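Biologist: Hi! Could you walk me through this model?

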Amino acid sequence: DLSKFITSPDNFFQTVLLRYPFEDTPKTLFGTCYHGALEDFYIQWKAGKQMPSLEFLQEKFVRKILVQPLTKEHKNDALERGKKWLNGFYELLQPTDKLPLALEYNSWKLLLEYEWIPLKWKIDRVDEISPWSLRITDYKTGSSKSENALRWLTQGWDNSYYRQLLFYK
């Protein structure tokens, strides 16, 4: 939201405060379905006490994509990309991995403010590293970026991801 405000206060007012108009795109719909499938996967893991199968994860994604208002071409692209990415994600998991402390954690519950400005965000995943340390994960479904691009040291990149990382820190 801060990045939107810096770019255009008028756009911030319309899209963040008024929440109008918001038009989904194939990219935003893909991201929503990808996040949703991962959330369903971890909820199932927590409920069943064992890691669900790759097929379970991919089926959750497929069901979510198929009901989206996408062209056949966009659906096929999303299905192909989503299955590939979820397969890679699943290969990194171990049945002994600890479950996340929180999924899709909504900070609005905390009522945090900075100089009377409410701070709000949603954290995709929170993991306990130790009793004194947490890891915050924000799933990204866009193209990968170098550290220099994230830090706004590469020409043509904005600093919104770096600003987001600093905010989480």
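Modeller: Happy to; we can go from the overall layout to the core, the rings and one histidine. This is a predicted model, where local features need pLDDT of at least 70 and side-chain atom pairs count only at pLDDT 80 or more, while totals for chains, interfaces and linings use all residues. Residues are numbered from 1 along each chain as its sequence is written, and side-chain values use heavy atoms, with hydrogens and water left out.

Biologist: Thanks! How many helices and strands does the protein chain have?

Modeller: Seven helices and five strands. These are DSSP runs numbered from the N terminus, with helices being H or I of at least four residues and strands E of at least two. From the N terminus on, the order is α-α-α-α-α-β-β-β-β-β-α-α.

Biologist: And what share of the residues counts as buried?

Modeller: Of the 169 residues, 30% count as buried. Buried means under 20% relative accessible area, exposed over 50%, and partly exposed in between, using a 1.4 Å probe and protein chains only.

Biologist: Which residues touch the most other members of the largest nonpolar core?

Modeller: F41, L57, F61 and F89, out of 23 residues in that core. A nonpolar core here is a set of buried Ala, Val, Leu, Ile, Met, Phe, Trp, Tyr and Cys residues joined through side-chain atoms within 4.5 Å. Helices α3 (26-48), α4 (54-66) and α5 (72-92) each supply at least two residues of this core, and α3 gives the most, with nine.

Biologist: What is F61 in contact with, leaving aside neighbours within four places in sequence?

Modeller: F61 is in contact with F30, C33, Y34, A37, A78, L79, G82, K83 and L86. Contact means heavy atoms within 4.5 Å.

Biologist: Switching to rings: how many aromatic pairs are there?

Modeller: The count comes to eleven aromatic pairs. The rule takes rings of Phe, Tyr and Trp (its six-membered ring) with centres within 6.5 Å; planes under 30 degrees apart count as stacked, over 60 as edge-to-face and the rest as tilted. One of them is Y34 with W85, edge-to-face at 6.0 Å centre to centre and 85° between the planes. Y34 is in helix α3 and W85 in helix α5, 51 residues apart.

Biologist: Are those two buried or exposed, or partly exposed?

Modeller: Y34 counts as buried because its relative accessibility is 7%, whereas W85, at 28%, counts as partly exposed.

Biologist: Why is the pair of F41 and Y90 called edge-to-face?

Modeller: Because the planes of F41 and Y90 are at 75°, with the ring centres 6.0 Å apart. F41 lies in helix α3 and Y90 in helix α5, so the pair ties together parts that are 49 residues apart in sequence. F41 is buried at 0% relative accessibility, and Y90 is buried too, at 18%. Ring pairs also link F41, Y42, W45, F89, Y90 and Y139 into a cluster.

Biologist: Which rings does the charged end of R81 sit over?

Modeller: It sits over the ring of F30, 4.0 Å from its centre, and over the ring of W85, 5.5 Å from its centre. The rule asks for NZ of Lys or CZ of Arg within 6 Å of the ring centre and within 35 degrees of the ring normal.

Biologist: Last one: what does the side chain of H35 join in a polar contact?

Modeller: The side chain of D124, at 3.0 Å. A polar contact is a pair of N or O atoms within 3.5 Å; within protein, one must be able to donate a hydrogen and the other to accept it, and residues adjacent in sequence count only if both atoms are side-chain atoms. H35 lies in helix α3 and counts as buried at 17% relative accessibility. Leaving aside neighbours within four places in sequence, H35 is in contact with E104, D124 and Y139.
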